[in-house]
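Colleague: Please put the model up. I have some questions about its geometry.

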Amino acid sequence: MKRDQNLYPLSHQHHNGLMAVLLLEKGVTKNADLKIMNDFILDCWESELENHFIAEEKNLDPSLLQLPQLNDLYDRMISEHELIRNIIDAIKQKQESKELIVSFHTLLENHIRFEERTLFPFIQEHATEASLSLLGKQISHLTNGNCSNYLVKFWE
């Protein structure tokens, strides 16, 4: 299913999130420095992911979209956001481990795939044009980063 243009800002940010996943997978494979990878994760979080999560939570709310049948998918999204935030909190508390980094990139990838393959198609199929248009206006300010511009190329 082709993505509705009103969801483009979120989908474009998902592309950058998947790039971060790929770079972290490469870093783990190469046994890159854990502190550098943690700093990369925090940079991704602060520059894009945190605001992305907030935008989704605010603008994909079933009551706002007038889609009560979206509740279960929305609850899953919120739950996954919380799991990822817990890992961010652990990293902020200077916890360093390969397992934590793997957990982060695995959760992030699975979360993005869920949203792109399940949540967004459901919204596109069931939301009214007016709701989608309002959504598009509410998220149009989101910018698309490029995590591969990170200064330390730990994945190379």
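Colleague: In which loop does Gln66 lie?

Modeller: This is a predicted model, where local features need pLDDT of at least 70, side-chain atom pairs count only at pLDDT 80 or more, and totals for chains, interfaces and linings use all residues. Residues are numbered from 1 along each chain as its sequence is written, and side-chain values use heavy atoms, with hydrogens and water left out. Helices are DSSP runs (H or I, at least four residues), numbered from the N terminus. Gln66 lies in the loop between helix 3 (62–65) and helix 4 (71–92).

Colleague: Is Gln66 buried or exposed?

Modeller: Gln66 is not a glycine, yet has a positive phi of about 55°. Buried means under 20% relative accessible area, exposed over 50%, partly exposed in between (1.4 Å probe, protein chains only). At a relative accessible area of 61%, Gln66 is exposed.

Colleague: What is the phi of Lys94?

Modeller: Lys94 sits in the loop between helix 4 and helix 5 (98–126). Its relative accessibility is 66%, so Lys94 counts as exposed. Lys94 is not a glycine, but its phi is positive, about 70°.

Colleague: How are helix 1 and helix 2 oriented to each other?

Modeller: Axes are lines fitted to C-alpha atoms over the stretch in contact, with angles from 0 to 180 degrees between N-to-C directions. For helix 1 (residues 8–29) and helix 2 (residues 34–59), the axes come within 11 Å and cross at roughly 160°. Angles under 35 degrees count as roughly parallel, over 145 as roughly antiparallel, 65 to 115 as roughly perpendicular and the rest as oblique. The two helices are therefore roughly antiparallel.

Colleague: Which residues does Tyr150 contact, leaving aside neighbours within four places in sequence?

Modeller: Tyr150 lies in the segment after helix 6 (129–139). With a relative accessible area of 16%, Tyr150 is buried. Contact means heavy atoms within 4.5 Å. The partners are Ile36, Asp39, Phe40, Asp43 and Trp155.

Colleague: How many aromatic pairs does a search of the whole structure find, and what is the pair of Phe154 and Trp155?

Modeller: Rings of Phe, Tyr and Trp (its six-membered ring) pair if their centres lie within 6.5 Å; planes under 30 degrees apart count as stacked, over 60 as edge-to-face and the rest as tilted. The search finds five aromatic pairs. For Phe154 and Trp155, the centres are 4.9 Å apart and the planes at 85°, so the pair is edge-to-face.

Colleague: Which residues do ring pairs link into a cluster?

Modeller: Phe154 is buried at 7% relative accessible area, and Trp155 is buried at 9%. Ring pairs link these into a cluster of Phe40, Tyr150, Phe154 and Trp155.
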